[in-house]
Amino acid sequence: MRISEGWLEGVVCCPSEHCNERPAGCDVSLLVIHNISLPPACFGGGFVQPFFTGQLDPSLHPCFAEIADLRVSAHFLIERDGTVTQFVSCDRRAWHAGASCYGGRENCNDFSIGIELEGTDELPYADAQYDALVSLTRVLQTAYPAITNHRITGHEFIAPGRKTDPGPAFDWRRYLQALVCSHRVQGEH
């Protein structure tokens, strides 16, 4: 896998208009992990794609009525089976973090890439998701070297009190150890 002009080759592409240009001279230097499920705690319904593209039908579920008009997106979604979908070019500003701050720098959307995992704060994420997340992260780190392992965070940490994802169910240790191991294996070739 590789990124060409901000788009990851070989994944599902579902372009969203819920994005804009990054500020001039802004570096892509942060990776933000999120979770999402629509309806809440329901997986595999295919509702995230229409939500991120402004096409969610509010009549399909009672909870959709209050979110259908929101204009949000992420760069990527990783479903339970490991399928990766890209919504926004990594070179553009996706609307995933909202009011946020990392390392004293406000407006994380300006300089971050957002990855949504299909899941909830409380339910364990699937092995296929961790595998896909590690692979995707490595590709992003190659294309955007300022995203080091120390510049990967969760939505809960950049918007504390407002957001809780990816939550306690996300195994940060497993993910970061897998990244370290993949760095070592790549370095041996």
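Me: Which residue does R92 form a salt bridge with, and how far apart are the closest N and O atoms?
Reply: R92 bridges to E21, and the closest N and O atoms are 2.1 Å apart. A salt bridge here is a side-chain nitrogen of Lys or Arg within 4 Å of a carboxyl oxygen of Asp or Glu.

Me: Where do R92 and E21 lie?
Reply: R92 is in strand 8 (residues 92-94) and E21 is in strand 4 (residues 19-21), so the pair ties together parts 71 residues apart in sequence. Helices (H or I, at least four residues) and strands (E, at least two) are DSSP runs, numbered from the N terminus.

Me: What kind of model is this, and how are residues numbered?
Reply: It is a predicted model: local features need pLDDT of at least 70, side-chain atom pairs count only at pLDDT 80 or more, and totals for chains, interfaces and linings use all residues. Residues are numbered from 1 along each chain as its sequence is written, and side-chain values use heavy atoms, with hydrogens and water left out.

Me: Back to that pair. Is E21 buried or exposed?
Reply: E21 is exposed, at 54% relative accessibility. R92 is partly exposed, at 26%. The cut-offs: buried is under 20% relative accessible area, exposed is over 50%, partly exposed is in between (1.4 Å probe, protein chains only).

Me: How many salt bridges are there by this rule?
Reply: Five. Among them is R2 with E9, closest N and O atoms 3.3 Å apart. R2 is partly exposed at 48%, and E9 is partly exposed at 35%.

Me: Which residue does D127 form a salt bridge with?
Reply: R174, with the closest N and O atoms 3.0 Å apart. This pair links distant parts of the chain: D127 is in helix 2 (residues 127-143) and R174 in helix 4 (residues 172-187), 47 residues apart. D127 is partly exposed at 49%, and R174 is partly exposed at 32%.

Me: Switching to rings. How many aromatic pairs does the structure hold?
Reply: Nine. One of them is Y130 with F170, which is stacked: 5.5 Å centre to centre, 25° between the planes. Rings of Phe, Tyr and Trp (its six-membered ring) pair if their centres lie within 6.5 Å; planes under 30 degrees apart are stacked, over 60 edge-to-face, the rest tilted.

Me: Is Y130 buried or exposed?
Reply: Y130 is buried, with 5% relative accessible area. F170 is buried too, at 5%.

Me: What about F170 and W172?
Reply: Their ring centres are 4.7 Å apart and the planes sit at 80°, so the pair is edge-to-face. W172 counts as buried at 18%.

Me: Which residues do ring pairs link into a cluster?
Reply: Y125, Y130, F157, F170, W172 and Y175.

Me: Which ring does the charged end of R80 sit over?
Reply: The ring of F43, 4.2 Å from its centre. R105 lies over the face of F111, at 3.9 Å from the ring centre. The rule is NZ of Lys or CZ of Arg within 6 Å of the ring centre and within 35 degrees of the ring normal.

Me: How many bridges join strand 6 to strand 7?
Reply: Three, and the two strands run antiparallel. F76 has Q86 in strand 7 as its bridge partner.

Terms used
Two strands pair if DSSP finds at least two bridges between them.
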